[in-house]
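Take a look first, then we'll start.

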Amino acid sequence: MIQQDRLKELLIELVKIDSLSRKEQAIAMRLKRELEELGGEVWMDDAGEKVGGDAGNLIAHFRGNVPRADPLLLSAHMDTVVPGEGIVPVLEGNILRSDGRTVLGGDDKSGIAIICEVLRVVREKSLPRSDIDVVFTICEEAGLLGAKCLDVSRFRARRGLVLDSDSVGFLLTRAPAANRMEFHIHGLEAHAGVCPERGISAIQVAAEGIAEMRLGRVDKETTANIGLISGGMAVNIIPNSVRLKGEARSHNEETLERQSRHMLQCLEEAASRHVLEVDGKRYQASVEAKIERDYDRMEIADGSPIVRLVRTAGRNLGVDVKTMATGGGCDANVLNKKGLEVANLSTGMREIHTVKEWLDLNDLYISARMVLEIVRLNAAIKK
C-alpha cells in the first residue's frame with residue numbers, strides 16, 4: 001500500500017529545503033501543513049526559543065480508531081549537518097545522492113518522509129490504528145537539543161520508534177553515553193621574534209597534552225575525540241590562550257568517566273611542565289575544564305514490547321530484524337531517559353555526514369512497509 005513514487009517525490013522535495021540546526025523554520029512550516037492535511041492535531045513547542053533557533057519541535061497527535069489500543073510514537077529529526085545548504089539531489093536508478101557539494105539530507109529526512117507516507121496510507125485506507133504521536137525534532141545534530149527540550153508528558157504514547165539509522169533490517173537498541181568537553185588552556189604572551197623565551201605557548205601545551213591522549217577507538221565500547229581547536233592572536237605572538245572542544249562516548253559508564261578524566265589529566269600534566277620566571281614573577285600554564293554529560297546510555301532489552309513488535313513486523317514482511325549497538329547517539333537516548341521505550345529503526349541512509357551520502361530507494365520502501373506493518377500490528381495491542 002506504500003505509494004513508492006509519492007514517497008520518493010516527498011523525500012526529494014524535503015531534502016531541497018535547507019534546514020541546518022537552529023534554522024529549521026522552513027521545513028517545519030512545510031511539515032506542519034503536511035501533518036494538518038493528514039488530520040493531525042499539530043503544534044510547535046518552545047524548544048526553538050530555548051536553544052536559540054527559529055523553530056521548535058513539531059508535534060502532532062493522530063486519534064486512533066481502535067478502542068483501548070496502545071498509543072505509538074513515531075519520530076525523526078528535521079535538521080541536517082553542514083554542508084547542507086543548496087542541496088541538489090541526484091537520482092541514478094534507485095540510488096539517490098547529493099551532487100557531491102553537500103550532504104544529501106537523508107539523515108533524517110528519509111525518516112520524516114517515511115512517517116508522512118505511512119500516515120497518508122493509514123488515512124486513505126482507513127486502516128486500524130491506535131493513537132499515534134508524531135514528533136519531528138530540531139537540533140538533533142547539535143547535541144539532541146530538541147529532544148532534551150521535549151515535554152513528553154504531553155504524549156499519549158509511552159513507546160515507539162525513532163527513524164534515524166542506516167542499514168535496513170537493523171534495530172538499534174543500545175547506544176553509548178557521551179560527555180562533552182571544553183578545555184581552556186592559558187599560557188603567557190610574548191613577542192615571538194624578539195623574546196619568545198618570555199612566553200608560554202598555550203598551543204604547545206595543548207599539542208603536548210593531545211599527543212598523550214588515547215583518542216579514536218579506545219576500546220570496543222569507547223571512543224574519544226578532540227574535534228575543535230581555536231586560539232592565538234597572530235603569528236608573531238606567543239599564544240596565551242587556546243580552546244579545545246571534544247567528546248568521549250562509551251557503553252560503560254565507568255570507562256566513560258575514566259576516559260574523560262584521562263583527557264583532562266593529559267592537559268594538566270602538560271601544563272605543569274611549562275613554568276617560567278619573568279622579571280622575578282613565576283608563571284605556569286594552566287587548564288580550565290568543563291566536562292558535562294551530553295546524553296545518557298540507551299539500552300533496550302531484546303524482549304521488550306517495542307523490539308517484539310518490530311521483529312514481528314519484520315517476520316510478516318520477510319525481513320530478519322537484528323538488534324544491535326551503535327557508537328552514535330540519537331533522540332532515542334534522550335527519550336528513553338525521559339521514561340519512554342524508544343528504539344531506532346533504520347531507513348537506508350548511507351555515508352551520512354559526508355558529501356558522499358546516498359540512499360537506496362528500495363531500502364526506503366522496505367522501511368516504509370515495516371513502519372506501516374508496525375502501525376497495523378500495534379493497533380491490536382490493548383492498554
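This is a predicted model: local features need pLDDT of at least 70, side-chain atom pairs count only at pLDDT 80 or more; totals for chains, interfaces and linings use all residues.

Q: How do helix 8 and helix 10 pack, in terms of angle and axes?
A: Helix 8 (residues 305–317) packs on helix 10 at an angle of about 115 degrees, and their axes are 9 Å apart. The crossing of this pair is right-handed.

Q: Why is helix 1 called roughly perpendicular to helix 10?
A: Their axes cross at roughly 110 degrees and come within 11 Å. Angles of 65 to 115 degrees count as roughly perpendicular, so that is the label helix 1 gets against helix 10. This crossing is right-handed.

Q: Which residues of helix 1 and helix 10 meet?
A: Gln4, Leu7, Lys8 and Leu11 come from helix 1, and they meet Leu361, Leu364, Tyr365, Ala368 and Arg369 of helix 10. Sorted by class, the residues of this contact are six nonpolar, one polar and two charged.

Q: Why are strand 4 and strand 19 at the edges of their sheet?
A: The sheet is open, with four strands in the order 4-5-20-19 and antiparallel pairing. Strand 4 (89–92) and strand 19 (349–350) each have a single partner strand, so one side of each has no neighbour in the sheet. Helix 1 (residues 4–15) packs on this sheet, touching strand 4, strand 5 and strand 20, and its direction makes about 150 degrees with that of strand 4.

Q: How do you know that strand 5 and strand 20 pair?
A: Pairing takes at least two bridges, and strand 5 (residues 95–98) has three with strand 20 (residues 358–360), in the antiparallel sense. Within this pair, Leu96 stands opposite Leu359.

Q: What makes strand 10 and strand 15 the edge strands of the five-strand sheet?
A: That open sheet runs in the order 10-11-12-9-15, with antiparallel pairing. Strand 10 (216–219) and strand 15 (286–295) each pair on one side only. From one strand to the next, the twist averages 20 degrees.

Q: How many bridges join strand 9 to strand 15?
A: Nine bridges join strand 9 (residues 177–186) to strand 15, and the two run antiparallel. Ile185 stands opposite Val287 of strand 15. Helix 6 (residues 202–212) packs on this sheet, touching strand 9, strand 11 and strand 12, and makes about 20 degrees with the direction of strand 12. Helix 7 (residues 253–272) lies across strand 9, strand 10, strand 11, strand 12 and strand 15, at about 10 degrees to strand 9.

Q: Why is strand 6 called largely enclosed?
A: Six of its six residues are buried, so strand 6 is largely enclosed by the rest of the structure. Ile132, Val134 and Phe136 point one way, Asp133, Val135 and Thr137 the other way, and all are buried.

Q: Which way do strand 2 and strand 3 run against strand 6, parallel or antiparallel?
A: Strand 2 (residues 58–62) runs antiparallel to strand 6, with five bridges, and Leu58 stands opposite Phe136. Strand 3 runs parallel to strand 6, with six bridges, and Leu74 has Val134 as its bridge partner.

Q: Why does Ser126 count as exposed and Cys139 as buried?
A: Exposed means over 50% relative accessible area and buried means under 20%. Ser126 has 55%, so Ser126 is exposed; Cys139 has 0%, so Cys139 is buried.

Q: What makes the phi of Ser126 and that of Cys139 worth a look?
A: Most residues other than glycine have a negative phi. Phi of Ser126 is positive, near 50 degrees, and Cys139 has a positive phi of about 50 degrees. Ser126 sits in the loop between helix 4 and strand 6, and Cys139 in the loop between strand 6 and helix 5.

Technical notes
Residues are numbered from 1 along each chain as its sequence is written. Side-chain values use heavy atoms; hydrogens and water are left out. Contact means heavy atoms within 4.5 Å. Axes are lines fitted to C-alpha atoms, for helices over the stretch in contact, and angles run from 0 to 180 degrees between N-to-C directions. Angles under 35 degrees count as roughly parallel, over 145 as roughly antiparallel, 65 to 115 as roughly perpendicular and the rest as oblique. A crossing is left-handed if the near helix is turned anticlockwise from the far one by less than a right angle, and right-handed if clockwise. Ala, Val, Leu, Ile, Met, Phe, Trp, Tyr, Cys and Pro count as nonpolar, Asp, Glu, Lys and Arg as charged, and the others, Gly among them, as polar. Buried means under 20% relative accessible area, exposed over 50%, partly exposed in between (1.4 Å probe, protein chains only).
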